[in-house]
Amino acid sequence: MAIREQGLDMPGKAADFLRTTELDDAERAVLDQGATVRRGQGYTLRVSAVSAVHRQLLARCQPLDGGHGVPAVPAQRKARREYENRVSTITPIRP
């Protein structure tokens, strides 16, 4: 069975956050190859990756929810939630 890449739109706030974090080579390549799509005042990044990489990127976005003394910014929390919803459409997210 072949592993298929899935194209998803990642909110710009999530993409901006991920660009400032330490990523492995596959994750960095996915971000670098993404296509920017302008959306009003912001943008989304259209990325194609296998579902495992999307889940890894989503896990790295966890700090956007705040916690551990880090304040949560509502727009960033919403961006992470939107990406989580999109990732969950291609693969169920395990707790």
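View 1. The buried residues of α3 are covered by, among others, β1, α1 (12-19), α2 (25-33), β3 and α4 (74-90). Here contact means heavy atoms within 4.5 Å, and helices (H or I, at least four residues) and strands (E, at least two) are DSSP runs numbered from the N terminus. The structure is a predicted model, in which local features need pLDDT of at least 70 and side-chain atom pairs count only at pLDDT 80 or more, while totals for chains, interfaces and linings use all residues. Residues are numbered from 1 along each chain as its sequence is written, and side-chain values use heavy atoms, with hydrogens and water left out.

**View 2. The buried face of helix α3.** The buried residues in α3 are V53, H54, L57 and L58; buried means under 20% relative accessible area, exposed over 50%, and partly exposed in between (1.4 Å probe, protein chains only). Seen down the axis of α3, these buried residues fall within an arc of 140°, so they line one face of the helix. The arc is that of the directions from the helix axis to the C-beta atoms. An α-helix has 3.6 residues a turn, so residues three or four places apart point the same way.

**View 3. E27 of helix α2.** Residue E27 is found in helix α2. With a relative accessibility of 1%, E27 counts as buried. Apart from neighbours within four places in sequence, E27 is in contact with V53, Q56, L57 and R60.

View 4. An open sheet is formed by 3 strands in the order β1-β3-β2, with antiparallel pairing; two strands pair if DSSP finds at least two bridges between them. Strands β1 (5-11) and β2 (35-39) stand at the edges, each with a single partner strand, so one side of each is left without a neighbour in the sheet. On average, neighbouring strands of this sheet are turned by 30° against each other, direction ignored. Helix α3 (residues 51-60) packs on the sheet, where this helix touches β1 and β3, and its direction makes about 135° with that of β3. Axes are lines fitted to C-alpha atoms, for helices over the stretch in contact, and angles run from 0 to 180 degrees between N-to-C directions.

**View 5. Strand pairing within the sheet.** Strands β1 and β3 pair in the antiparallel sense over 7 bridges, and G7 has S48 in β3 as its bridge partner. Strand β2 is joined to β3 (residues 42-50) by 5 bridges, also antiparallel, with A35 opposite R46 in β3. Of the 7 residues of β1, 5 are buried.

View 6. The largest pocket holds about 270 Å³ of space. A pocket is an open set of points on a 1 Å grid over the protein atoms alone, where a 1.4 Å probe fits, with protein on both sides within 12 Å along at least five of seven lines; lining residues have an atom within 4 Å of a point. Grid points are joined across faces, edges and corners, and the volume is the space filled by probe spheres set on the points. Among the lining residues are P11, G12, R39, Y43, T44 and E82. The largest share of the lining, 5 residues, comes from α4. Residue G12 lies in helix α1 and touches Y43 and T44, not counting residues up to four places away in sequence. G12 and R39 are 27 residues apart in sequence and 9.3 Å apart in space, C-alpha to C-alpha.
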